[in-house]
Amino acid sequence: MKESSKLEYCTQYSMCVAGGFIAAYAILNHADFLASAQTANLINIALCITGSNWMELCLRLIAVLIYMAGLSVPVIVAKYTHINMKMFCIFVEISMIILLYFFTKRINTIIALYPVFFMTSMQWNSFPGVDGFASSSIFSTNNLRQFTTSYVEYRCNKDKEHLKKTKFFGGVLLSYHAGVIFSYYVYRYFAMKGVIFCLIPLFTGMLFLLMENGLLKTIKKEIAVARRVIAAGRS
């Protein structure tokens with residue numbers, strides 16, 4: 001495997017850790033609500049309509065719109081700018097984590113998850129997979145399906161491509177649920193404030209992304225040039 005490919009895998013796995021962490025954060029702090037997906041929210045919207053709970057209906061509809069906005073941003077940025085979408089996504093997620101740090105339990109559960117809706121949907125479209133393997137870094141049902149079917153395919157025909165796929169999705173599942181476990185222990189000691197620890201996998205993903213794009217070497221070169229200029233100016 002090429003070095004650049006290895007770094008791409010590492011970046012994806014780091015974001016899976018972040019995805020698992022924030023998913024568990026939402027479940028542990030906000031009434032078992034999986035904010036990384038919209039299935040439960042859409043079901044509750046239908047139930048709100050039948051039960052005539054208009055206030056909750058409005059809050060949940062806003063949540064859907066926020067989630068859709070998060071899905072849309074990567075498409076718009078990729079189409080109209082030259083911004084590195086993955087790096088941009090990480091910066092947005094860092095800002096959302098800092099915002100969540102200042103939230104308290106007094107905030108309405110659905111409103112408190114608005115930043116999570118936005119950041120997870122944006123991450124989903126910004127980190128769609130690696131090496132031709134489409135995977136989600138924010139929830140794991142399809143990853144489990146891919147892992148299971150690719151392993152069965154490998155056992156049936158011994159195709160090494162299916163083994164490679166099995167290993168990738170196995171790594172995705174392990175990374176995601178490592179983030180879940182990390183979030184649980186952080187929650188035990190820090191409760192809602194523990195969300196700040198999600199910065200660890202995000203900064204790790206950023207580091208791998210910088211290395212993947214050769215930007216780290218460029219930054220080091222620029223720093224070295226700046227130091228020589230400063231040294232020459234002093235002399």
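Residues are numbered from 1 along each chain as its sequence is written, and side-chain values use heavy atoms, with hydrogens and water left out. Because the model is predicted, local features need pLDDT of at least 70 and side-chain atom pairs count only at pLDDT 80 or more, while totals for chains, interfaces and linings use all residues.

The largest nonpolar core has 54 residues. A nonpolar core is a set of buried Ala, Val, Leu, Ile, Met, Phe, Trp, Tyr and Cys residues joined through side-chain atoms within 4.5 Å; buried means under 20% relative accessible area and exposed over 50%, with partly exposed in between (1.4 Å probe, protein chains only). Ile22, Ile90, Ile97, Leu100, Phe117 and Leu202 touch the most other members. At least two residues of this core come from each of α1 (3-29), α3 (54-80), α4 (85-101), α5 (109-112), α6 (114-126), α8 and α9 (199-212). Helices (H or I, at least four residues) and strands (E, at least two) are DSSP runs, numbered from the N terminus.

Phe117 is one of the buried residues of α6. Beyond its neighbours within four places in sequence, Phe117 is in contact with Phe33, Ala35, Gln38, Ala63, Ile66, Tyr67 and Ile110, contact being heavy atoms within 4.5 Å. In α6, 10 of the 13 residues are buried, so the helix is largely enclosed by the rest of the structure.

Helix α7 (residues 141-157) has 17 residues, which should span 24 Å at 1.5 Å a residue; the end C-alpha atoms are 25 Å apart, which agrees. The expected span is 1.5 Å times one less than the number of residues. Asn143, Gln146, Ser150 and Tyr154 of α7 are buried. Seen down the axis, these buried residues fall within an arc of 60°, so they line one face of the helix; the arc is that of the directions from the helix axis to the C-beta atoms. They pack against β2 (133-134) and α8. The face turned away from the buried side carries the exposed residues Thr141 and Cys156. Just after α7, Lys158 takes a positive phi of about 60°.

Serine 183 lies in α8 (residues 160-190) and is buried, with a relative accessible area of 3%. Its side chain reaches the backbone oxygen of Phe21 at 3.0 Å. Apart from neighbours within four places in sequence, serine 183 is in contact with Phe21, Ala24, Tyr25 and Leu28.

Notes:
Polar contact = N/O pair within 3.5 Å; in protein donor to acceptor, adjacent residues only side chain to side chain.
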